[in-house]
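Trainee: I would like a close look at a single part of this model. Please take it step by step.

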Amino acid sequence: MAGLAQKEKVAVVDYGMGNLRSVWQALVHVGGQCEVTVTADPEAVVAADRVVFPGQGAMPDCMRELEARGLRQAVLDAARCKPFLGICIGLQMLFEHSEEGDVPGLGVFAGKVRRFPAERMLGAQGNKLKVPHMGWNEVTHTRSHPLWNDIDDGARFYFVHSYYVDPVERSFIAGTTDYGIPFTSAVARDNIFAIQCHPEKSAQAGLTLLANFIRWKP
Amino acid sequence: MGLAKRIIPCLDVTAGRVVKGTNFVELRDAGDPVEIARRYDAQGADEITFLDITASSDQRDIILNVVEACAAQVFIPLTVGGGVRTVADVRRLLNAGADKVSMNTAAVNNPDLVAEASAKVGNQCIVVAIDAKQVAPGQWEVFTHGGRNRTGIGAVEWAERVQQLGAGEILLTSMDRDGTKNGFDLPLTRAVADAVDIPVIASGGVGNLQHLADGVTQGGADAVLAASIFHFGEYTVREAKEFMRDRGIEVRL
């Protein structure tokens, strides 16, 4: 209808590594008037107003598929200028290098993706901690950020991962979590926010974060 | 502080309806799995497990609709088990919106299924459910078909084996305790939890909140699963979590 503003487009980047339905569903749930699409089309990523970069599986496979589907450049361009949300492997892929398969990442952030040192990680009772880190853990806000709005500092989110990011520039760290060792669970810079846990599976805290992303004007 | 111990309500579903009683006064339809899952989510459940106990195979696909509807409204991890026999079954459930799929009898009959499924979809999505009965002091055997068939396999040995095959988690049910309300089989839980490095969910026998706490503190479980104490409204998930927190167990509240 004439006179109506065009719906804002949110693209969830699909490079063929697993099921993105949950991410899509949670974004639709909080997205109001937005048009949320899961897409493998680089043009659709270019045309989107906001980009969500999820991921699961092993990072070497993710990098290979991103490349093979011609999505690498579209993702890099989006990370330069649009509100951009990385989730799980989508956070890890933004770094320079991963110990998982010894592969290079996209290099949007300086730093490495490291494996949890299971052999020297002990819990409060001296018990051995399990890897993958799976379940609900606390995310401590290391700085204020619009995506943390209405989320308690220390709120629990749902994690499933065996590797974590280690940024060179510490001022980009937005959140940390403790699992035997303290690790970076969220980074932020300009138009980019990226988080290790799964907001789409993190009940109210996760939905609030996704809603904040939809409204975010960096 | 660190990782929280999880509380997982379990719903037995047949032909799209929850069986075994539910006693939520505010529910419009006490048999609707999605409505019940939403209620548990609102109470702070950390995950939901659906166990499809549909007997006739022509009604099997109904669970997919239930999973789809649930995943559209409940934003916590969802595990689905019951009748999973092939990697295609696993994929169908994941595509419908399940986060993890549990297999039981099929894994015993064909251990390669665990390896194959975990290689295809990642071990974080594969749960192996073990039904165990005590056969001698400190010894438990794996049973299949809801506890009717013995396998001759030791429960601890089987847990170690499925971990090697690629299971990401073990759902351990004591068939001796299931339905008794006498509490988990704690020695069984402890024996399995000590033997493997993957998370163990204790199940079978919960009658009160102390039983849940014992599963963690004495059984060494990473998560506790219960059905009837929540379904009949004896306790809410939130009450269970407050009880555990007051006993020094880390939970998400």
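How many helices and strands does chain B have, and how do α1(B) and α2(B) meet?

Mentor: Keep in mind that this is a predicted model. Chain B has ten helices and eleven strands. Its radius of gyration is 17 Å, close to the 18 Å that the globule rule gives for 253 residues, so chain B is as compact as a globular protein of that length. Along the principal axes, the C-alpha atoms of chain B fill a box of roughly 45 × 45 × 35 Å. Of the 253 residues in chain B, 57% are buried. The accessible surface of the chain is about 9,900 Å², and carbon and sulfur atoms account for 45% of that surface. Take the contacts in chain B between residues at least 6 apart in sequence: 64% of these join residues at least 24 apart.

Now to the part you asked about. Two packed helices are described by the angle between their axes and the distance between the axes. Helix α1 of chain B covers residues 33-43, and helix α2 of chain B covers residues 62-71. Their axes come within 9 Å and cross at roughly 35 degrees. The crossing of α1(B) past α2(B) is right-handed. On the α1(B) side, the residues that meet the partner helix are B:Pro33, B:Val34 and B:Ala37. On the α2(B) side, they are B:Val66, B:Ala69 and B:Cys70. The residues of this contact divide into six nonpolar, no polar and no charged.

A:Thr184 lies in strand β13 of chain A, residues 181-189. With a relative accessible area of 4%, A:Thr184 is under the 20% cut-off and therefore counts as buried. Leaving aside residues up to four places away in sequence, A:Thr184 touches A:Val165, A:Pro167, A:Arg170, A:Ile173 and A:Gly175.

In the loop between β5 (95-98) and β6 (103-104) sits A:Asp102, whose phi is near 55 degrees, a positive value in a residue other than glycine. A:Asp102 is exposed, at 56% relative accessible area. A:Asp190 is in the loop between β13 and β14 (192-195). Phi of A:Asp190 is near 50 degrees, again positive in a residue other than glycine, and at 62% relative accessibility A:Asp190 counts as exposed. Finally, the peptide bond from A:Val131 to A:Pro132 is cis, with omega near 10 degrees; A:Pro132 is found in the loop between β7 (109-115) and β8 (133-138) of chain A.

Conventions:
Residues are numbered from 1 along each chain as its sequence is written. Chains are lettered from A and ligands numbered from 1 in the order in which they are written. This is a predicted model: local features need pLDDT of at least 70, side-chain atom pairs count only at pLDDT 80 or more; totals for chains, interfaces and linings use all residues. Side-chain values use heavy atoms; hydrogens and water are left out. Axes are lines fitted to C-alpha atoms, for helices over the stretch in contact, and angles run from 0 to 180 degrees between N-to-C directions. Helices (H or I, at least four residues) and strands (E, at least two) are DSSP runs, numbered from the N terminus. A crossing is left-handed if the near helix is turned anticlockwise from the far one by less than a right angle, and right-handed if clockwise. Contact means heavy atoms within 4.5 Å. Ala, Val, Leu, Ile, Met, Phe, Trp, Tyr, Cys and Pro count as nonpolar, Asp, Glu, Lys and Arg as charged, and the others, Gly among them, as polar. The radius of gyration is taken over C-alpha atoms; the globule rule is 2.2 Å times the number of residues to the power 0.38. Buried means under 20% relative accessible area, exposed over 50%, partly exposed in between (1.4 Å probe, protein chains only). Accessible areas come from the Shrake-Rupley method with a 1.4 Å probe; for residues, only the protein chains shown count as cover.
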